[in-house]
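Work through the exercises below with the sequence and the model in view. Each task is followed by a solution in steps.

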Amino acid sequence: MTSIPFVKGSDFEHNKLDIFRNIVSHEIAKLSEKSPEEVYNLLETPKNSEHGDIAIAIPRLRIKGNPAEIAQSWVEKFVPNEYVISATAIGHFLNFKISHPLLAKILLQHIYDAKEKYGSNNSASGKTALIEFSSPNIAKPFHAGHLRSTIIGNFMGNVLEANGWKTIRMNYLGDWGKQYGLLAIGFEKYGSEEELLKDPIKHLYEVYVKINKDVETDKDVDDKARAYFKNMEEGDQTAIALWDKFRNLSIKKYKETYARLNINFDVYSGESQVSNKSMLDALALLKEKNLTQESQGAIIVDLKKYKLDVAVLQKTDGTTLYITRDVGAAIERYEKYKFDAMYYVVASQQDLHLKQLFKILELMGFDWVDRCKHINFGMVQGMSTRKGTAVFLDDILEQTKEVMHEVMKQNEKKYEQIEDPDMVADVIGMSAVMIQDMSAKRIRNYTFNWTRMFSFEGDTGPYIQYAHARLCSIQRNCGLSINPDAKIELLSEKPALELIDMISQYPDVVKSALYTLEPCTIVTYAMKLSHTVSVALETLWVMGAEREIAEARLLMYWASRITLGNSLKLLGLKPLERM
Ligand code: ARG
């Protein structure tokens, strides 16, 4: 057998297509006198698969001569081997065909060994990324923006891990500011210990709504709130103790709800956790660098020359603001984690805020600001039209489950066969919401579509889950076990070749998601894979086929199931085995 040449930047241990690309790179390197690395980076996949599997546009090599003639002369010089079986020239493109039976053999063997690791790589070799996401505000609604941040942020964490990053998942709660002084005052008036223990998130919200009403009619309340918050900022023991209690009870409840989504945070931080010292140090440094100005007793940083308006860092009464806490938090995080990257998964309404934050950090001289990135996203419309009551994450999940349950009941016969309809409705419901959210580029606004997203046809979460469940049922019902040595070369039909081809691309897709930082990169792939699976299932059956063919098909479907399952998990979804 030809030994596989190494090419820097490639990874044939995790990506079996790289075996073929590396061989092609070396061949072209010899002919063009370029380095294999240069060639590797120029390789493409032909748009039309009839043309071949790997291609290179000769002009991109930047060598002298007529590209079409060069392509033709290299075709003549190319010596086929067991991996790359032919070369053809089409215009200025040089195309190569690879041995599909060999790819299938190598690929399925690899998936059999890698299983849930299939698609992952360790290219980041242990670099650390901090991902801050979800970050709801205590005593306030968990709105669509928080839901999107939760879904996208968790995905970001998964993708980074799949590419070898160490991750720190952080929830930065909105839990500080004058409004929390208001909440404390409200609790004195309207609070109930019992209700607080029963459902802290809901109760604090009720209290907050009531006291906010009072503010409208009674100006005193506002002054009291301001004074209370000043006490909190000055570290008043009683004020802080009450606040800690609200916060801890809320976190406990949040944890339960996130668990339903399989989301775990490594750190529950929050605005209240930023130390006074780091904020005062930051202010002192800004002052020392002549970056601050006083304006009617407040301290501001003028960012107008960067077209970023003005940032107020300290109010007249000496208290801090949202941005002050973010400056302090970023510095603390860098000191503590020395992250190689930090991602803020926050709605695009806060574009200006984050730009100001990054600019201030830059002006302060922190070069690690280059490692910070705002992962922004557009708005969702019409999320709570159904009942108009979705205020908390819990409600959103409950409502989704209910609707899904109704949809499932429409097919009575099938419904009767489901063992745990409640769990199934819960998971498919979440899949519906999450796939809808991640189907388009993050920045696009979209309208929550209560009908379309639950459909089992079209580009939906239920459709992908259904494809996965079908693959599981084939395995359960065929009476055969998975044989990694099955004669995969027997699979010569077009739908089989296309399916194997599709599976082989998964490691590429995982890698590219790290560059696009777009969940739709994975959703699009999962959708195409599901579609390719269902085309294959129309004609290529396991049951009833001759033993050797049945085993080969089973291995192929099993590998499809692993791949589809891995992509669902990457998106943050639990793959369903039955539905
Ligand atoms: N709690 C904020 C909100 O609900 C989001 C926090 C975003 N993160 C940050 N570091 N500012 O709007």
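**Exercise 1. The largest cavity**

Task: State which residues line the largest cavity, and sort the lining by class.

Solution. Step 1: The lining consists of Asp11, His14, Asn15, Asp18, Gly119, Ser120, Asn121, Pro507 and Lys511. A cavity is a set of points, on a 1 Å grid over the protein atoms alone, where a 1.4 Å probe fits but cannot get out, and lining residues have an atom within 4 Å of a point. This is a predicted model, in which local features need pLDDT of at least 70 and side-chain atom pairs count only at pLDDT 80 or more, while totals for chains, interfaces and linings use all residues. Residues are numbered from 1 along each chain as its sequence is written, and side-chain values use heavy atoms, with hydrogens and water left out.

Step 1: By class, this cavity lining divides into 1 nonpolar, 5 polar and 3 charged residues. Here Ala, Val, Leu, Ile, Met, Phe, Trp, Tyr, Cys and Pro count as nonpolar, Asp, Glu, Lys and Arg as charged, and the others, Gly among them, as polar.

Step 2: About 60 Å³ of space lies in the largest cavity, and the structure holds 4 cavities of 30 Å³ or more. A volume is the space filled by probe spheres set on the grid points, which are joined across faces, edges and corners.

**Exercise 2. The largest pocket**

Solution. Step 1: The domain assignment, which is automatic or from a database, gives domain 1 (17-98), domain 2 (128-276 + 318-381) and domain 3 (419-570).

Step 1: The largest pocket has a volume of about 1400 Å³. It is lined by 42 residues, and those closest to its centre are Leu17, Thr45, Asp53, Asp501 and Gln505. A pocket is an open set of points with protein on both sides within 12 Å along at least five of seven lines.

Step 2: At least two lining residues come from each of α1 (17-32), α2 (36-42), β3 (93-98), α18 (494-504), α19 (506-516) and α20 (519-539). Helices (H or I, at least four residues) and strands (E, at least two) are DSSP runs numbered from the N terminus.

**Exercise 3. Helix α6 and Asp214**

Task: Describe the span and packing of α6, then decide whether Asp214 is buried or exposed.

Solution. Step 1: α6 (residues 178-190) has 13 residues, and its first and last C-alpha atoms are 18 Å apart, close to the expected 18 Å. The expected span is 1.5 Å times one less than the number of residues.

Step 1: Among the buried residues of α6 are Tyr180, Leu183 and Phe187. Buried means under 20% relative accessible area, exposed over 50%, and partly exposed in between (1.4 Å probe, protein chains only).

Step 2: The buried residues of α6 pack against α7 (193-198), α8 (200-217), α9 (219-233) and α10 (237-260). Asp214 is in helix α8, and it counts as buried because its relative accessibility is 12%. Beyond its neighbours within four places in sequence, Asp214 is in contact (heavy atoms within 4.5 Å) with Lys189, Tyr190 and Val221.

**Exercise 4. Val345 and its contacts**

Task: Locate Val345 and list its contacts.

Solution. Step 1: Val345 belongs to strand β10 (residues 341-345). With 2% relative accessibility, Val345 counts as buried.

Step 1: Apart from neighbours within four places in sequence, Val345 is in contact with Ile131, Glu132, Phe133, Ser149, Ile152, Gly153, Ile375 and Phe377.
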